[in-house]
Amino acid sequence: MRYAQGGGLTDAKRAARERIRLEAVGRFESGAKNREIAAALRVSERPVERWRRQWRERGEEGVRSKGSPGRPRLSADQIAKLERELERGPLAHGWADQRWTLARVKTLIGRLFHVGYTAEGTWRLLKRHGWSWQQPARRAIERDDGAVELWKKEVAAGKSTAAARGAWIVCEDEASQSLRPPRAKSWGRIGQTPVVRVRDRGSGRVSMAGMVCFRRGDRSRLIYSFRVHRGRKDEPKGFPWQDYRDLIVRAHNQLKGPIVLVWDNLRTHLMPQMKDFIAANEDWLTVFHFPSYAPDLNPQEGIWSLVKRTIGNLAAANLDQLATAVKRSLNQTQYRPHLIDGCLIGTGLTLTS
């Protein structure tokens, strides 16, 4: 079965090529050489040779473009169906991994509509309808999207509570960083991968707990706690529940208002002592939990991404230098509320229910 070719040139490009061909005809008639014509029209000599041969055989009509070998053959309904199938992902169509490539989209179009596209035509079709080549975000297979939607309805009640009480919405999360920094892109000579020398010994790390705080009409805030773990015997590697309690109290004192706290189901967050503390302060503290395997809902994750971007390829000599770099990044973010607001926007959540 022959497929109709799709994805030809745009009208503007087709008209521009037609003008170049006709200008070449005029130069043929004046006796110009192929090399001179190619240089003047900014094309290679091979098409000029072909045009001259066609001009000798059939005159100007032989040089004129015959039009695009094919045009898009998909209707609006077919485009809509194609987009639905693309959104289902490659796994649903029999591929082992989850990458949409031009070759796979081209194959899918042939399967669905019996219309053949070139790779370039497929690229133009996707670009024309709002698709682009992107780095995908990773999401856990264990994630329950239904639970996420139920959580959004539940947290809407928390937003209403916050609005009624004039409370701050506070999102908390933890992160850590070792002496091996995140990799960041760098310029290098073609064929020679840049090498970044980093510390690979030692078990120390920097631990961070942060809160991003939002309230309509107020400047967004970042409040954090900081701990350096040097790998010593009996030294706590993370934050005990008392540190989280103290961080919540510090946020309450700095914000000077009630708090609606949203955090994950970390074991320390669920300890009986922490539950007792929350119950004892329910007059100003209300707590919600993020659904499991949904870090993309937490704007504090965006803060950690900003911090790790600033220390990319950092060749820290020791933990003190690493801690200084991390703290400097956090302090700079505190004075840039637009960055904090951007982290909230990136989650797709809003302050209104």
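Let's start at one residue. Just after helix α6, H114 takes a positive phi of about 55°. Keep in mind that this is a predicted model.

Now step back into the helix itself. Helix α6 covers residues 102-113, which is 12 residues. From its first C-alpha to its last it reaches 16 Å. That is close to the 16 Å expected at 1.5 Å a residue.

Which residues of α6 are buried? They are R104, V105, L108, I109, G110 and F113. Look at the spacing with a general point in mind. An α-helix has 3.6 residues a turn, so residues three or four places apart point the same way. What do the buried residues of α6 pack against? There are three partners: α5 at 76-88, β2 at 115-117 and α7 at 119-128.

R99 has a relative accessible area of 51% and is exposed. For R99, the cut-off matters, because exposed means over 50%.

One more arginine here. The charged end of R111 sits over the ring of W95, 4.9 Å from the ring centre. Another arginine makes a contact of this kind elsewhere in the chain: the charged end of R245 sits over the ring of W241, 5.1 Å from its centre.

Next, salt bridges across the whole structure. How many does a search find? The search finds 10 salt bridges. Let me show you two more of them.

E45 lies in helix α3, residues 45-58, and R35 lies in helix α2, residues 34-41, so the bridge ties together parts that are 10 residues apart in sequence. How open are the two ends? E45 is partly exposed, at 33% relative accessibility. R35 is exposed, at 62%.

The second pair is R215 and D218. Here the closest N and O atoms are 2.9 Å apart. R215 counts as partly exposed at 24% relative accessibility. D218 is partly exposed too, with a relative accessible area of 33%.

Now the aromatic rings. A search of the whole structure finds 4 aromatic pairs. One of them joins F28 and W55. A pair of aromatic rings is described by the distance of the centres and the angle of the planes. For F28 and W55, the centres are 5.5 Å apart, with 40° between the planes. This pair is tilted.

Why does this pair tie together separate parts of the chain? F28 lies in helix α1, residues 11-29, while W55 lies in helix α3, so the pair links parts that are 27 residues apart in sequence. F28 is buried, at 3% relative accessibility. W55 is partly exposed, with a relative accessible area of 23%.

E45 of α3 bridges to R35 in α2, and W55 of α3 pairs with F28 in α1.

Ring pairs link F239, Y244 and W263 into a cluster.

Conventions. Residues are numbered from 1 along each chain as its sequence is written. This is a predicted model: local features need pLDDT of at least 70, side-chain atom pairs count only at pLDDT 80 or more; totals for chains, interfaces and linings use all residues. Side-chain values use heavy atoms; hydrogens and water are left out. A salt bridge is a side-chain nitrogen of Lys or Arg within 4 Å of a carboxyl oxygen of Asp or Glu. Helices (H or I, at least four residues) and strands (E, at least two) are DSSP runs, numbered from the N terminus. Buried means under 20% relative accessible area, exposed over 50%, partly exposed in between (1.4 Å probe, protein chains only). The expected span of a helix is 1.5 Å times one less than its number of residues. Contact means heavy atoms within 4.5 Å. Rings of Phe, Tyr and Trp (its six-membered ring) pair if their centres lie within 6.5 Å; planes under 30 degrees apart count as stacked, over 60 as edge-to-face and the rest as tilted. A charge sits over a ring if NZ of Lys or CZ of Arg is within 6 Å of the ring centre and within 35 degrees of the ring normal.
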